[in-house]
Amino acid sequence: MQIQRVQLQQHGDERGMLVALEKDRNVPFEIRRVYYLFATRNQVHRGQHAHRHLNQLAVTVRGSVTFLLDDGSGPVEVVLDDPSQGLLLGSMVWREMYDFSEDCVLMVLADQLYDPADYITNYDEFLREVNSPMLLGDVAACQSR
């Protein structure tokens with residue numbers, strides 16, 4: 001699955017802590033967009049989509065959130081609750097976020113600008129695309145290079 005926890009280096013002393021996010025150091029792509037979610041009610045589900053090309057790094061700056069992730073081989077749950085850890089999400093991964101803590105601030109760094117055409121918002125359509133022979137052949141060809 002194209003997801004990976006990324007341990008972010010913390011710097012700090014008695015004054016507090018700092019985490020820096022830097023291209024090619026702990027963010028493996030050029031950062032083209034940053035956004036954050038906050039004041040999300042606990043019972044709300046966000047996301048519910050996949051991206052055809054977009055790569056992202058998600059960090060809970062504060063609080064916690066649960067991710068449901070699926071690359072077509074079955075869903076996994078990941079809890080993100082540590083501001084010194086990021087969750088790297090590759091393309092063609094269905095993502096859904098829920099169980100937001102009351103104080104959750106979820107920051108997301110992306111390698112592309114917002115493009116509505118990159119979104120797959122229907123889960124059945126996502127499964128068809130991610131499991132299509134053409135896409136699987138493209139992935140295999142890229143991996144053999």
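In this predicted model, Gln 48 is partly exposed, with a relative accessible area of 36%. The residue lies in strand β5 and adopts a positive phi of about 55°, although it is not a glycine. A positive phi is also found for Ala 39, another residue other than glycine, with a value near 55°. Ala 39 is placed in the loop between β4 (33-38) and β5 (46-51). With a relative accessibility of 65%, Ala 39 counts as exposed.

Aromatic side chains were examined next. Across the whole structure, 5 aromatic pairs are found. One of these is formed by Trp 94 and Tyr 123, whose rings are arranged edge-to-face, at 5.2 Å centre to centre and with 75° between the planes. Trp 94 belongs to strand β10 (residues 94-98) and Tyr 123 to helix α1 (residues 123-130), so the pair ties together parts that are 29 residues apart in sequence. The two partners can also be described by their accessibility: Trp 94 is buried, at 6% relative accessible area, whereas Tyr 123 is partly exposed, at 33%. Tyr 123 forms a further aromatic pair with Phe 126; this pair is tilted, with 6.1 Å between the centres and 35° between the planes. Both Tyr 123 and Phe 126 lie in helix α1, 3 residues apart, which corresponds to about one turn of the helix. Phe 126 is buried, its relative accessible area being 0%. Through these ring pairs, Trp 94, Tyr 123 and Phe 126 are linked into a cluster.

In soluble globular proteins, nonpolar side chains tend to be buried together. The largest nonpolar core of the model comprises 15 residues. Those with the most contacts inside this core are Ala 58, Val 65, Phe 67, Leu 69, Leu 80, Leu 87 and Leu 106. Two or more residues are given to the core by each of the strands β7 (65-70), β8 (75-80), β9 (85-89) and β11 (105-110). Of the contributing elements, β7 gives the most, with 3 residues. Apart from this core lies another, of 9 residues, which includes Val 6, Leu 57, Leu 88 and Met 107.

The surroundings of Leu 106 were considered individually. When residues up to four places away in sequence are not counted, Leu 106 touches Tyr 35, Tyr 36, Leu 37, Ala 58, Val 59, Thr 60, Val 65, Phe 67, Leu 80 and Met 97. Among these contacts, Ala 58, Val 65, Phe 67 and Leu 80 are also listed with Leu 106 as residues with the most contacts inside the largest core.

Terms used
Residues numbered from 1 in each chain as written. Predicted model: local features only at pLDDT ≥ 70, side-chain atom pairs only at ≥ 80, totals over all residues. Heavy atoms only, no water. Core = buried A, V, L, I, M, F, W, Y, C linked by side-chain atoms within 4.5 Å. Buried < 20%, exposed > 50% of the residue type's maximum accessible area, 1.4 Å probe, protein only. Helix = DSSP H or I, 4+ residues; strand = E, 2+ residues; numbered from the N terminus. Contact = heavy atoms within 4.5 Å. Phe/Tyr/Trp six-rings, centres within 6.5 Å; stacked < 30°, edge-to-face > 60°.
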